[in-house]
Amino acid sequence: MNPITTKRSHRALTILSQMILLLWTAAVLYPLIWTGLGALKDNKQFMLEKPWALPKLPLLWSNFTDVWNRYHFNDFFMNSVVVTAASTFLAIVLSATTAYILARFAFKGSQVMYYVYLSAMMIPMILGLVPLFFLLNDLGLINNLVGLIIVYTAWALPFSVFVMVSFFKSLPRELEEAAYIDGAGYYRTFFQVMFPLARSGVITIGIMNALNTWNEYLMGTVFVNDPAKYTVPVGIAVMQAEMQFRTEWGPLFAGLLLSMIPVVVMYIMFQRHIVAGVTSGAVK
């Protein structure tokens with residue numbers, strides 16, 4: 001084939017791919033920008049003007065303070081922070097230790113245990129709502145953040161174990177043997193040698209579980225009906241139901257924007273680690 005023709009074809013494909021990526025970026029950013037602009041408007045601008053029109057001066061920054069204090073969004077936010085941080089931490093610790101045992105030690109029933117974790121990933125969330133509700137009710141954990149933390153941690157374990165097993169299997173056994181020769185025990189070898197080497201996997205499951213927990217709505221609605229214990233998704237749904245009758249769209253948009261900021265910041269900070277973790281876990 002003519003080199004000039006090949007070069008032109010490659011350039012055309014590059015331009016086409018860049019245009020597609022730009023269009024995709026615009027489609028992703030548009031809802032964020034539109035939400036940010038809506039958070040600075042008053043009700044009159046929503047009702048009498050086009051919904052995509054720019055906000056008029058003065059910008060209503062008071063919408064953020066209103067939704068934070070008057071609508072108790074601060075309580076929703078802190079509840080989500082506590083639940084997300086605690087469940088993510090527990091999922092990392094429990095999945096990493098479990099995956100290390102399953103990946104590095106051969107014992108009777110290890111494969112069965114591993115496939116049990118894999119099979120748990122295939123169970124739809126909705127099938128577990130009823131038995132989980134009765135279980136938490138018997139334990140007195142309904143309307144309790146501790147109950148939500150336990151449920152979210154248990155739900156995150158199968159995927160986390162599956163990912164971490166791949167990481168620990170990819171690490172050379174010579175590192176463990178060298179640690180044993182130097183006098184390190186099992187716990188020291190794991191926490192000082194193996195766990196730091198699986199950092200990409202730990203960050204991957206940490207970010208994925210944190211994002212899933214922060215955005216989770218169904219279980220938060222079923223297991224919590226006390227407004228003081230609402231998480232951000234549940235609180236925003238309740239706010240939306242109330243504000244559509246009060247026609248206070250500005251504070252609602254402000255609450256939506258505040259709920260998206262932690263997720264966007266988290267992804268921007270750790271996107272390289274997520275990509276590296278996925279590729280590192282897939283290729284041995």
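Modeller: Leaving aside neighbours within four places in sequence, N209 is in contact with T88, A91, A156, F159 and S160, contact meaning heavy atoms within 4.5 Å. The model is a predicted one, in which local features need pLDDT of at least 70, side-chain atom pairs count only at pLDDT 80 or more, and totals for chains, interfaces and linings use all residues. Residues are numbered from 1 along each chain as its sequence is written, and side-chain values use heavy atoms, with hydrogens and water left out.

N209 belongs to helix 10, residues 199-215; helices (H or I, at least four residues) and strands (E, at least two) are DSSP runs, numbered from the N terminus. With a relative accessible area of 5%, N209 is buried. Buried is under 20% relative accessible area, exposed is over 50%, and partly exposed lies in between (1.4 Å probe, protein chains only). The side chain of N209 makes a polar contact with the side chain of S160, at 2.9 Å. A polar contact is a pair of N or O atoms within 3.5 Å; within protein, one must be able to donate a hydrogen and the other to accept it, and residues adjacent in sequence count only if both atoms are side-chain atoms.

Helix 4 (residues 73-104) and helix 10 pack at about 145°, with axes 9 Å apart. The axes are lines fitted to C-alpha atoms, for helices over the stretch in contact, and angles run from 0 to 180 degrees between N-to-C directions. This crossing of helix 4 and helix 10 is right-handed: a crossing is right-handed if the near helix is turned clockwise from the far one by less than a right angle, and left-handed if anticlockwise. Helix 4 contributes residues including T84, S87, T88 and A91, and helix 10 contributes V202, I205, G206, N209, A210, T213 and W214. By class, this contact has 9 nonpolar, 8 polar and no charged residues. Here Ala, Val, Leu, Ile, Met, Phe, Trp, Tyr, Cys and Pro count as nonpolar, Asp, Glu, Lys and Arg as charged, and the others, Gly among them, as polar.

Helix 4 also packs against helix 7, at about 35° with axes 6 Å apart, and this crossing too is right-handed. The residues of the contact between helix 4 and helix 7 divide into 21 nonpolar, 6 polar and 2 charged. Helix 7 spans 145-170, and the loop between helix 6 (129-138) and helix 7 holds N143. Phi of N143 is near 60°, a positive value in a residue other than glycine.

Next, the cores. A nonpolar core is a set of buried Ala, Val, Leu, Ile, Met, Phe, Trp, Tyr and Cys residues joined through side-chain atoms within 4.5 Å. The largest has 39 residues, of which F64, V67, F73, L148, F223, V232 and M239 touch the most other members. Helices supplying at least two residues each to this core include helix 4, helix 7 and helix 10, while helix 13 gives the largest share, 6 residues. Neighbours within four places aside, L148 is in contact with V83, M219, G220, F223, V224 and T231. A second, separate core of 20 residues includes I92, A99, F167 and I205.
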